[in-house]
Amino acid sequence: MAKVIHTMVRVLDLDKSLRFYADVLDLHEAHRLDFPDFALVYLRNAENDFELELTLNKGRAEAYTHGTGYGHIGVVVQDAAATHAALLGKGYEPAAVKEFKRGDELLARFFFIQDPDGYKIELLERHGHYQ
């Protein structure tokens with residue numbers, strides 16, 4: 001059986017991305033591989049063993065394109081409204097909190113935020129399927 005261990009995104013400013021992921025998702029550096037032309041930095045937190053790999057291609061100045069295939073990374077939080085307010089207080093600009101319903105049944109409460117390189121992250125309140 002396969003075990004998913006990480007997803008990778010390319011970043012232009014590693015320090016800015018490290019601050020963002022620490023502030024927004026409480027992800028911190030767990031492992032780093034530094035080479036002359038690139039660096040791989042693996043982020044995680046105590047809640048899981050899945051990692052986010054940040055890849056810095058040294059010397060690159062132009063922004064990466066995301067094409068039409070990339071969607072988002074999904075994470076769960078205890079309280080979407082409180083998390084949203086905390087991020088606003090830190091100076092970030094998350095989109096509005098929304099609710100996804102089937103009739104009167106709440107399926108999800110969530111909002112999106114973008115990292116410094118434009119990658120979308122969906123923060124879902126821990127509820128139902130999203131645990």
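1. A charge counts as sitting over a ring if NZ of Lys or CZ of Arg is within 6 Å of the ring centre and within 35 degrees of the ring normal. Arginine 60 is such a case: it lies over the face of tyrosine 64, at 3.9 Å from the ring centre. The model discussed here is predicted.

2. The salt bridges come to 10 in number. One of them joins the side chains of aspartate 49 and lysine 3, with a distance of 2.8 Å from N to O. This pair links distant parts of the chain, 46 residues apart. Aspartate 49 belongs to the loop between β3 (38–44) and β4 (51–57), while lysine 3 belongs to the segment before β1 (6–11). Lysine 3, at 57%, is exposed.

3. The loop between β3 and β4 also holds glutamate 47. The side chain of glutamate 47 meets that of arginine 126 in a salt bridge of 3.1 Å, N to O. Arginine 126 sits in the segment after β8 (120–125), and the two partners are 79 residues apart. Glutamate 47 is exposed, with a relative accessible area of 63%, whereas arginine 126 is partly exposed at 24%.

4. Another salt bridge connects arginine 109 and glutamate 99, whose closest N and O atoms are 2.7 Å apart. Here the partners lie in two strands: arginine 109 in β7 (residues 105–114) and glutamate 99 in β6 (residues 98–102). They are 10 residues apart. Both are partly exposed, arginine 109 at 23% relative accessibility and glutamate 99 at 42%. The bridge is part of a network, in which salt bridges that share partners join Glu99, Lys101, Arg109 and Glu125.

5. Glutamate 125 is placed in strand β8. A polar contact of 2.7 Å joins its side chain to that of arginine 109. Leaving aside residues up to four places away in sequence, the residues that glutamate 125 touches include Val77, Gln78, Asp79, Ala80, Ala81 and Tyr130.

6. Next, the aromatic rings. A pair of aromatic rings is described by the distance of the centres and the angle of the planes. The structure has five aromatic pairs. In one of them, phenylalanine 20 and tyrosine 21 are 5.1 Å apart from centre to centre, with 90° between the planes, and the arrangement is edge-to-face. Phenylalanine 20 and tyrosine 21 are both buried. Together with Tyr92, these two residues form one aromatic cluster.

7. How are the rings of tyrosine 70 and tyrosine 119 arranged? Their centres are 5.3 Å apart and their planes stand at 75°; planes over 60 degrees apart count as edge-to-face, so this pair is edge-to-face. Tyrosine 70 lies in the loop between β4 and β5 (73–77), and tyrosine 119 in the loop between β7 and β8, so the pair ties together parts that are 49 residues apart in sequence. Tyrosine 70 is partly exposed, with 32% relative accessibility, but tyrosine 119 is buried, with 8%.

Definitions and conventions
Residues are numbered from 1 along each chain as its sequence is written. This is a predicted model: local features need pLDDT of at least 70, side-chain atom pairs count only at pLDDT 80 or more; totals for chains, interfaces and linings use all residues. Side-chain values use heavy atoms; hydrogens and water are left out. A salt bridge is a side-chain nitrogen of Lys or Arg within 4 Å of a carboxyl oxygen of Asp or Glu. Helices (H or I, at least four residues) and strands (E, at least two) are DSSP runs, numbered from the N terminus. Buried means under 20% relative accessible area, exposed over 50%, partly exposed in between (1.4 Å probe, protein chains only). Rings of Phe, Tyr and Trp (its six-membered ring) pair if their centres lie within 6.5 Å; planes under 30 degrees apart count as stacked, over 60 as edge-to-face and the rest as tilted. A polar contact is a pair of N or O atoms within 3.5 Å; within protein, one must be able to donate a hydrogen and the other to accept it, and residues adjacent in sequence count only if both atoms are side-chain atoms. Contact means heavy atoms within 4.5 Å.
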